[in-house]
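Subject: Structure handover

Hello,

Here is the structure I said I would pass on. My notes on what was found in it follow below.

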Amino acid sequence: MKLGRLNHIGVATPSIEKSVAYYRDVMGATKIHEPFDLPAQGVKVCFVDTPGEGSTAGTQIELIEPLGEASPIHGFIAKNPAGGQHHMCYEVPDIHEAKAWFEGKGAKVLGEPRIGAHGTLIFFVHPKDMNGVLTEIMETPRQGAH
């Protein structure tokens, strides 16, 4: 098994509204998707597309804001009040095959596959097993997803 393309970089933020302004006004974001709540994950999400060069697409940033103190990223924001990089997300063609592969390598998979912000199955791999980076593994989205 090998990882597919980098789908997005997750950035935790105390305020999606302020972060959107930054990515639009300072970083030149070309498309800002409509923010939405993802109560099952305890977060509010907004995807921001950065500009690409020539015929290449830019990078997608997933802004994530906690939905209250029970949010899994509430502690991250408490330790990093300005927010910051939270995770990197890679695509795979089959989420269950990927989960079995990571577990077979002894990696700590954080929970069962569940529906993520792109509407496709995801799971996370603990940073200690991913060179210090919290890593989201996502089944490749269908055409038309974020």
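**Aromatic pairs**

The structure holds 3 aromatic pairs, where rings of Phe, Tyr and Trp (its six-membered ring) pair if their centres lie within 6.5 Å; planes under 30 degrees apart are called stacked, over 60 edge-to-face, and the rest tilted. Tyr22 and Tyr23 make an edge-to-face pair, because their ring centres are 5.3 Å apart and their planes stand at 85°. Trp101 and Phe102 are also edge-to-face, at 5.1 Å centre to centre with 85° between the planes. Trp101, Phe102 and Phe123 belong to one aromatic cluster.

Before going on, please note that this is a predicted model, in which local features need pLDDT of at least 70 and side-chain atom pairs count only at pLDDT 80 or more, while totals for chains, interfaces and linings use all residues. Residues are numbered from 1 along each chain as its sequence is written, and side-chain values use heavy atoms, with hydrogens and water left out.

Tyr22 is partly exposed at 40%, and Tyr23 is buried at 14%. Trp101 is partly exposed at 31%, and Phe102 is buried at 4%.

**The largest nonpolar core**

A nonpolar core here is a set of buried Ala, Val, Leu, Ile, Met, Phe, Trp, Tyr and Cys residues joined through side-chain atoms within 4.5 Å. The largest one has 10 residues: Val92, Ile95, Ala98, Phe102, Ala107, Val109, Phe123, Val125, Met130 and Ile137. Two elements give two or more residues to this core, helix H3 (95-104) and strand E8 (121-125). H3 gives the most, with 3 residues. Helices (H or I, at least four residues) and strands (E, at least two) are DSSP runs, numbered from the N terminus.

Phe102 is a member of this core. Contact means heavy atoms within 4.5 Å; leaving aside neighbours within four places in sequence, Phe102 is in contact with Met1, Leu3, Ala107, Val109, Phe123, Val125, Met130 and Ile137. In soluble globular proteins, nonpolar side chains tend to be buried together.

**Helix H3**

The buried residues of H3 are Ile95, Ala98, Lys99 and Phe102. They line one face of the helix, because they fall within an arc of 100° seen down the axis of H3; the arc is that of the directions from the helix axis to the C-beta atoms. The face turned away from that buried side carries the exposed residues His96 and Gly104. Cover for the buried residues of H3 includes strand E6 (84-92), strand E7 (109-115), E8 and strand E9 (135-139).

Lys99 is buried, with a relative accessible area of 11%. Its side chain is joined to that of Glu103 by a polar contact of 2.8 Å. A polar contact is a pair of N or O atoms within 3.5 Å; within protein, one must be able to donate a hydrogen and the other to accept it, and residues adjacent in sequence count only if both atoms are side-chain atoms. Beyond its neighbours within four places in sequence, Lys99 is in contact with Val109, Gly111, Glu112, Pro113 and Phe123.

Just after H3, Gly106 takes a positive phi of about 85°.

**Helix H1**

In helix H1 (residues 16-25), the buried residues are Ile16, Ser19, Val20 and Tyr23. They cover an arc of only 105° around the axis, which puts them on the same side of H1. Glu17, Lys18 and Asp25 are exposed on the other side. The buried residues of H1 pack against strand E1 (6-12), strand E2 (31-32), strand E4 (43-49) and strand E5 (60-66).

**Gln60 and the cysteines**

Gln60 is found in strand E5 and is buried, at 10% relative accessibility. The side chain of Gln60 makes a polar contact of 3.4 Å with the side chain of His118.

How many disulfides are there? Taking a disulfide as a pair of cysteine sulfur atoms within 2.5 Å, the count comes to 0. The cysteine sulfur closest to that of Cys46 is in Cys89, 16 Å away, which is too far for a bond. Cys46 is buried at 0% relative accessibility, and Cys89 is buried at 0%.

Regards

Notes:
Buried < 20%, exposed > 50% of the residue type's maximum accessible area, 1.4 Å probe, protein only.
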